[in-house]
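Trainee: I would like to go through this model and ask how the terms are applied.
Mentor: Go ahead; the structure comes up next.

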Amino acid sequence: MRGSILTHAPLDLSGYRAHFPALQMSIGERPQIFFDNPGGTQVPQSVADAMSSYLLTANANIHGAFATSQRTDQIISQAHTAMADLLNAPEPGEIIFGQNMTSLTFALSRSLGRELGAGDEIVVTRLDHDGNIAPWLQLQERGVTIRWTDIDSEDCTLDYDHMGSLIGPRTKLVAVGMASNAVGTINDIRPVVAMARSVGALVFVDAVQAVPHIPVDVQALGCDFLVCSAYKFFGPHQGILWGKRALLEQLHAYKVRPASDELPGKWETGTQSHEGQAGTLAAVTYLQQLGREQLDRYMDDLGSLSDRRRDLRAAMLTIREYEQQLSRHMLQRLKQLPSLRLYGIGDPERVAERVPTFAVVNQHANARKLAQLLADHGIATWSGNYYALALVERLGQAEEGMLRIGLAHYNTEEEIDRCCDLLEQATS
Ligand SMILES: Cc1ncc(COP(=O)(O)O)c(C=O)c1O
């Protein structure tokens with residue numbers, strides 16, 4: 001009863017802005033607005049403090065007999081556990097840190113590629129960031145055939161029927177994104193896993209644009225691998241790969257000989273960014289605190305998760321609900337700007353199917369010009385293809401690119417209004 005009444009009250013997360021020093025910055029008189037979030041989010045003070053504290057008081061290499069090395073081992077272990085909790089992974093040993101999503105995916109594709117050859121097929125999608133396409137295209141060198149899943153060009157949703165028609169006995173892997181970094185579409189991963197499983201294929205999920213916005217639960221998804229990047233969810237520049245233990249153990253990792261054969265060390269090439277892992281741990285802790293403050297609202301939806309997993313799920317349910325409010329507002333404002341064409345889901349009733357990332361084009365002002373105009377007024381957005389190369393090509397926007405307005409939970413309706421007012425003036 002309590003849950004159902006509260007669920008209908010609008011959320012206000014503006015209090016969390018105080019955690020982010022960058023949100024207090026101004027350009028002249030105007031407060032800076034960050035709508036560049038799909039390219040990288042701002043960090044809470046606690047993330048910067050954790051990184052600084054690591055470097056100043058615990059900086060060392062791993063597994064030494066001395067205090068700073070042992071403190072490093074502790075922080076690294078806590079960071080793996082925190083990421084396992086955020087992704088609801090069965091165990092921290094399945095969490096692999098690396099430089100970024102792209103490097104981790106290239107490493108894994110090289111390892112998987114050793115097992116593949118002529119006659120094998122990999123299914124990719126036109127909706128994906130190139131980080132989940134190029135590493136698989138590389139395997140054409142080994143004779144692997146790449147099959148491309150198309151999209152509905154109106155609302156930029158994945159064509160699941162088309163994907164189904166591509167998946168067959170030769171398919172060894174399906175590489176799919178969980179949320180688009182360009183148009184915001186959330187893909188339904190479970191039917192993809194079901195289709196792949198029916199032919200014994202593996203599923204690799206790019207969740208870089210999902211983790212900042214919605215709950216991500218690798219056990220519920222049923223996939224084999226999943227990647228994300230801490231700098232998209234309020235942490236530092238770090239990539240994270242989760243994989244099923246049996247696969248990570250079985251696959252050959254390209255590594256130096258003295259490095260561990262155990263998980264996760266087998267896959268964590270060279271010396272890692274320990275300060276990055278300390279910052280990632282702090283980013284997860286920030287989300288955990290946010291969630292703990294909202295537990296009451298989502299009690300009915302938290303099941304029997306352990307403490308931190310429960311808090312993190314509550315955090316992501318909170319963020320999802322608040323961002324759906326923001327998305328509704330943005331779509332209503334964009335509807336009043338007919339000179340801007342939105343690519344992606346535009347129906348305010350369908351905000352549950354998208355993250356708050358909006359790509360628009362205007363016939364007269366190109367995307368870079370619009371981004372420049374907004375930047376001149378203190379608003380950060382992106383223009384171009386943001387590496388969603390296959391998608392902008394598919395939409396016929398490869399030349400000019402699209403303006404991308406990407407929101408996070410620290411943005412507000414007032415900020416959306418300021419951006420849309422400026423776009424209205426510039427394009428009407
Ligand atoms: C959906 C998606 N996948 C992959 C990447 C690449 O991530 P990274 O910069 O960690 O390599 C990005 C970066 O924008 C992205 O948005």
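Mentor: Start with an open sheet of 4 strands, in the order 11-12-15-14 with antiparallel pairing. This is a predicted model, where local features need pLDDT of at least 70 and side-chain atom pairs count only at pLDDT 80 or more, while totals for chains, interfaces and linings use all residues. Residues are numbered from 1 along each chain as its sequence is written.

Trainee: Why do strand 11 and strand 14 stand at the edges?
Mentor: Strand 11 (340-343) and strand 14 (382-384) each have a single partner strand, so one side of each is left without a neighbour in the sheet. Strands are DSSP runs (E, at least two residues; helices are H or I, at least four), numbered from the N terminus.

Trainee: How many bridges join strand 14 to strand 15?
Mentor: There are 3 bridges between strand 14 and strand 15 (residues 402-406), which run antiparallel. Two strands pair if DSSP finds at least two bridges between them, so strand 14 and strand 15, with 3 bridges, count as paired. In this pair, S383 is opposite L403 of strand 15.

Trainee: Which domains is the chain divided into?
Mentor: Domain 1 (2-43 + 311-427) and domain 2 (48-285), with bounds from an automatic or database domain assignment.

Trainee: What makes residues of domain 1 and domain 2 count as in contact?
Mentor: Their C-beta atoms, placed from the backbone, must lie within 7 Å. By that rule, 32 residues of domain 1 are in contact with 32 of domain 2. Helix 12 (307-335) gives the most to the domain 1 side, with 7 residues.

Note on methods: Two residues are in contact if their C-beta atoms, placed from the backbone, lie within 7 Å.
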